[in-house]
Amino acid sequence: MLSTQNPDTRSSEVTYWFKAAEVSAFPEDGGACVKYQDQQIAVFNFTRRNEWYACQNMCPHKQQMILARGLVGDQCGEPKVACPFHKKTFSLITGENLNGECYEIQTYPVKVEDGFVYIGISE
Amino acid sequence: MSSSPAHPQRIVVIGNGMVGYKFCEKLVAKAQPGAYQITVFGEEPRPAYDRVHLSAYFSGTTAEELTMAPVSWYEEHNINLHLGELVTGINAASKIITTHKGLEVSYDKLILATGSSAFVPPINGVEKEGVFVYRTIEDLDAMLAYAPKARTAAVIGGGLLGLEAAKAAMDMGLTTHVIEFASRLMPRQLDEAGSETLKKKLESLGISIHLNKSTTAILGDPGVRKMTFADGSELNVDMLIVSAGIKPRDELAVKAGLSVGPRGGILVNDALQTSDPDIFAIGESALHGGMIYGLVAPGYDMAETVVTNLVGGEKTFKGFDMSTKLKLIGVDVASFGDPFISEPNARTIVFEDRIKGIYKRVNISEDGKYLLGGILVGEAANYNMLLQTVQNRIIVPPDAEDLILGSRGGSSESAGAGVLSLPEEATICSCEGVSKGTICNSIKDEKLCDVASIKKCTKAGTSCGGCVPMLGDLLNATLKEMGQEVKQVLCEHFQYSRHEILDIVKVNNIRTFDELISHHGKGDGCEVCKPAVASILASTWNELILKQATIQDTNDRYLANIQKGGTYSVVPRIAGGEITPEKLIVIGQVAAKYGLYTKITGGQRIDMFGARVDQLPDIWEELVNAGFESGHAYGKSLRTVKSCVGSTWCRYGLHDSVGFAIQIEERYRGLRSPHKLKGGVSGCVRECAEAQSKDFGIIATEKGWNLYICGNGGAKPQHAQLFATDLDTETCLRYLDRFLMFYIKTAEPLNRTATWLNKMEGGIDYLRQVIIEDSLGICADLEREMEFMVDTYACEWKEVVNNPELRKRFQHFVNTPEPDPSINFRPERGQKVPVI
Ligand SMILES: Cc1cc2nc3c(=O)[nH]c(=O)nc-3n(C[C@H](O)[C@H](O)[C@H](O)COP(=O)(O)OP(=O)(O)OC[C@H]3O[C@@H](n4cnc5c(N)ncnc54)[C@H](O)[C@@H]3O)c2cc1C
Ligand code: FES
């Protein structure tokens, strides 16, 4: 069953769906970090919205590997994650910094099938 | 003469600093599309950035965040931006400029916004390694690279910029000296007495001040080691920052044959035209009316003037007020209007408090009607109001001393009434030139409801930020005027204050964040409301916080303090600072086994740093088995109750301060509160436990205990106030129960007890009525609620260690047991520290 899609990312460009972990590995309304090759990807189980999101784990503000441990929430309806270090916030859809600063993060499409979470990689 | 749209007018701007950028911003905002073709040359490698807040770079603000507008902004507005390119020549006759790369560009109008450079006096040895100026991001990078090799820094220059540089040096961990040639600090802004007060304050912060010192040589090879002075004295330093003033960059203008002032600066008229009417100079390079304005607001006004005239409007630059407020140094200093004017041209009122280090002076006109200027040191909260009073020629109250002492009738109305009493055309934001009328109208018309949207809509408060508090006052006053209730709400998701949410939680028996937001909020929550609600739930129901791990701040989610590099620190409770040799050994063994960095803290316990998230449960298992429990160093909760050795060992001790400290620490351990809580117990008035700097402090007397409350250390230290005297142990605990519970129930999130009390109407007298006299009739409830918290306490770490499900959450990756490969350490003084 295909349950949810990250609405904005172009799943059509996905060349490979990486099987990350079981749904139960991800806390409700929170995130966890997945290792894909040499990359760290933060995956969020946004239960309240019944949506899944993924983005790079590194916060671009001070290059900390941490975003998976950030709080999720929304800003005027836009789903976002807040970095635990200095509370910079990023849209989970576009990756844009929501504090008006110039850096942004990479986001990835996510799908859930048969109880497993997959991250869409486009190479 | 207006240009025809077919031939856009060619504008060349030399210098992409704050003012050069502001010129572009204003021009594209006012010009018809296609009317101008703008080319900008900047010598620095990056687009214009906020030099005013340069020092924030030291505290983690990035170059990007300081940027005024990204390169893409220039592209979007069709501005041709050449960075890292120095203009080397102007041919005014043929209207062509040349750059160091050989590029030639023709112009119709040329704008010189070349700013200034640091003035470096010709002292022997200024060229040595370790001597810096403080002007660009590159200067700061160079300092940051050099500072680890240095221990002692000196700043030449005790003016506005010099003191900012001194603060930066101190923040880099250096012993800091300020060398000033004049007989006082900030000679252009302060009088003798003001300077003296500031000097004392700075010295108490650890900065050494040397006045009347003229530097004769800088010695050392290759790096600076020593300075010598005209009076024969010397000072050993290994880093030097020169901040002795600014030198307008007029070298291009000189070469091009434009008129410059005898001491530098490009001469301009009221339209900012140089001696060539098609060439303009704005910002710090311009010399107007004999003045170089070393501030950003006049520069912005110059940019506005030139733009207005270019697009066919009319405006002249008529000089500018030089009022300033020093930011960052940890001491408020401000000077406004004419700070020095005195008898017989004015009457002066001075207030001085040598204990608190406050000096205030206001100069009133002969007829007692107008405020002409003044000086504020140590406290400058009403700087903005006073400045407005000068600029708008507002009639001062009959008791003019109220201006600096506040109206002492105890009403808190006056501040709000102050903003309202300003005329509509009063300039609130002088950087952006925004008037009170513009702000109030946009609040009404655009239905603005917070300061952030006022900034966005009107640009007020976006430069130096000095007027932001007034924006808040204006917002509140305007909303009130419109009949809207002004409410302290938590965030966009809850239209309630923390106190109201606490009541909702209690009355409706709400146990989870989800339940609360679904029924009483909107949206999905955020990083502000989630931890605030988590704290409320914890201090109401006292359930294990990990039941709702994902609404906790990361520290609470992993029950440890996150540190640079993403590792955590481990802090077991050592109540009252008392520990057995056996337990000390356990800490040593655990730290050695897991390779943790150890440090004794200010709270009389031991921090172990550098634990990976996956190691935390194993480390705690060993600690719990040895009888330790969580120290809650990660939570907004009770940290420590510090104690001196007390009557057991100390020959001065009156009572057993250690025993009492332990009793209190164990009573309130784990108690979640709006912010962290610290306590202290001293066995006599010598006060070795520093109890008067804590949220609650207890000092033994002949007859019992004196209770002090609402103090704190930290960035804004405040002494605790004496609340009750000569209490017996039981009464002391009862008052503490009530006080802490009342604080937990009524404070806004992240307000320490000191801030809470400062905001409380009626202050400590009111608090005494509530806590001691039970004026609200709530004391029995407060005590019962505290008793519940004490009875239901359980060590969080013990529960995690014994719960395999919870333990599983302590892993970096969910798809592999590997630890985070990006964590790295290097050795330092025999221990490990993170590599960043
Ligand atoms: C540490 C610090 C703190 C400050 N704090 C305050 C404060 O609190 N309040 C306040 O009002 N002001 C403050 N100032 C002053 C404020 O920053 C300046 O007034 C403002 O930056 C002046 O802007 P400007 O554009 O005239 O000059 P600048 O910002 O210096 O910009 C000029 C630019 O032109 C470039 N340039 C020069 N010549 C050429 C050339 N030939 N070709 C190409 N490019 C060239 C320079 O490299 C520079 O980038 C502070 C300054 C510093 C350094
Ligand atoms: S490191 Fe993420 S906000 Fe600073």
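In the predicted model, 44 residues of chain A are in contact with 42 residues of chain B. The two chains bury about 3300 Å² between them. Carbon and sulfur atoms account for 50% of that area. On the side of chain A, the greatest losses of area to chain B fall on A:Arg48, A:Arg69 and A:Leu71. Together these three residues make up 25% of what that side buries.

The rule finds seven salt bridges between chain A and chain B. A:Lys88 forms a salt bridge with B:Glu65. In this pair, the closest N and O atoms are 3.1 Å apart.

Several strands of chain A contribute to the side that touches chain B. Strands S1 (16–22), S2 (30–36) and S3 (39–46) of chain A each supply at least two residues, and so do S6 (64–65), S7 (71–75) and S8 (78–82). The largest share comes from S2(A), with six residues. By residue class, the side of chain A that touches chain B divides into 21 nonpolar, 11 polar and 12 charged residues.

Within chain B, one helix pair was characterised. Two packed helices are described by the angle between their axes and the distance between the axes. Helix H15 (residues 498–507) of chain B packs against helix H22 (residues 729–746) of chain B at an angle of about 100°. Their axes are 7 Å apart. An angle of 65 to 115 degrees counts as roughly perpendicular, so H15(B) and H22(B) are roughly perpendicular to each other. From H15(B), the contact involves B:Arg498, B:His499, B:Leu502 and B:Lys506. These residues meet B:Ile744, B:Lys745 and B:Thr746 of H22(B). The contact comprises two nonpolar, two polar and three charged residues.

B:Val451 touches B:Val468, B:Leu471, B:Gly472 and B:Leu475, leaving aside residues up to four places away in sequence. B:Val451 and B:Val468 are 17 residues apart in sequence. In space, their C-alpha atoms are 7.7 Å apart.

Key. Residues numbered from 1 in each chain as written. Chains lettered and ligands numbered in written order. Predicted model: local features only at pLDDT ≥ 70, side-chain atom pairs only at ≥ 80, totals over all residues. Heavy atoms only, no water. Contact = heavy atoms within 4.5 Å. Buried area = accessible area lost by both parts, 1.4 Å probe. Salt bridge = Lys/Arg side-chain N within 4 Å of Asp/Glu carboxyl O. Helix = DSSP H or I, 4+ residues; strand = E, 2+ residues; numbered from the N terminus. Nonpolar A, V, L, I, M, F, W, Y, C, P; charged D, E, K, R; others polar. Axes fitted to C-alpha atoms, helices over the stretch in contact; angles between N-to-C directions. Parallel < 35°, antiparallel > 145°, perpendicular 65-115°, else oblique.
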